[in-house]
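Subject: Structure for your files

Hello,

Here is the structure I said I would pass on. My notes on it follow below.

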Amino acid sequence: MNRLFLTILLVAFFGSMTMGQNFEVYDYINFDKYESSNEELRQSDSKSEVIFMGNSITEGWSAHSPEFMSSNGYINRGISGQTTDQMLLRFRKDVLDHQPKVVVILAGTNDLAQNSGPVPLWHTMNNIKSMAELAMANHVKVILCSVLPAKAFPWRPGVESIPMIQSLNQMISDFAKEKGMVYVDYYSAMQDGNGGLKVPEYTTAQDLVHPNAAGYEVMESLVKPAIDKALR
């Protein structure tokens, strides 16, 4: 009887932990953010050839460099603060349902910053792999991007960002090579030699994570040729 009671308690405890984590992931998924623009895309005769999937770094691209997105007909599907768990959950609705030719995935910063609590690197990488493999299964070409350099994540004091970013980027690069995908290395082009984003050249943000207009220009110079090649 005591052993059975202990088993019930353990199941209830771990079940409540899992429910709490799932609620947190779904609570911040924000499926409605692009509802109206997604509907417009579905009703349009033209297909969206290139979709950018990401977090605040992708989302901020349109504000800092609107001409890049609009003139090329790129669709921005970045949502600030999101981890790869949340991005994976909305990947079909915000990317695959529009049948693009190419998806550009920039993900992992908020996982490393522990926005939803500490997660192992393999978990983050598995989510990135899942998005990429879903795209490939739906005949969408994938461009995988490195996480941008950052010396520290000030919203989580004590987090050692540099070795984690370097390790995750190596995982992304290795996976892209294995699958024959394009890997765009923002990290090498934008880091200051010590693992941080160059200041003030490429960022003026207080958190030293988000690019400024000049930073996005560097990113554009790297990703645009990769997109053009993928569309041929």
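Predicted model: local features only at pLDDT ≥ 70, side-chain atom pairs only at ≥ 80, totals over all residues.

Strands pair here if DSSP finds at least two bridges between them. Helices (H or I, at least four residues) and strands (E, at least two) are DSSP runs, numbered from the N terminus.

Residues are numbered from 1 along each chain as its sequence is written, and side-chain values use heavy atoms, with hydrogens and water left out.

For the chain as a whole, the secondary structure comes to 12 helices and five strands. Of the 232 residues, 43% are buried (under 20% relative accessible area; exposed is over 50%, partly exposed in between, with a 1.4 Å probe and protein chains only). Among contacts (heavy atoms within 4.5 Å) with a separation of 6 or more, 74% are between residues 24 or more positions apart.

Back to the sheet. Strand β1 (residues 50-54) runs parallel to β2 and is joined to it by four bridges. Glycine 54 has glycine 78 in β2 as its bridge partner.

I looked at α12 in more detail. Its 19 residues should span 27 Å at 1.5 Å a residue, and the end C-alpha atoms are 26 Å apart, which agrees (the expected span is 1.5 Å times one less than the number of residues). The helix α12 still has a kink of about 25°, centred on glutamate 220; the bend at a residue is the angle between axes fitted to the seven residues ending there and the seven starting there. Glu220 is also among the buried residues of α12, which include Tyr216, Val218 and Met219. At the start of α12, a side-chain oxygen of asparagine 212 comes to within 3.2 Å of the backbone nitrogen of alanine 214.

Serine 56 sits in helix α3 (residues 56-59) and is buried, with a relative accessible area of 14%. Leaving out residues up to four places away in sequence, serine 56 touches Ile79, Ser80, Gly81, His210 and Tyr216.

Some backbone points to check on screen. Most residues other than glycine have a negative phi, and most peptide bonds are trans. Valine 199 and proline 200 are joined by a cis peptide bond, with omega about 0°; proline 200 is in the loop between α11 (186-190) and α12. Leucine 208, in the loop between α11 and α12, has a positive phi of about 60° and is partly exposed at 38% relative accessibility. Glutamine 114 has a positive phi of about 65°. Glutamine 114 lies in the loop between α8 (109-112) and α9, and is partly exposed at 21%.

Regards

Key:
Polar contact = N/O pair within 3.5 Å; in protein donor to acceptor, adjacent residues only side chain to side chain.
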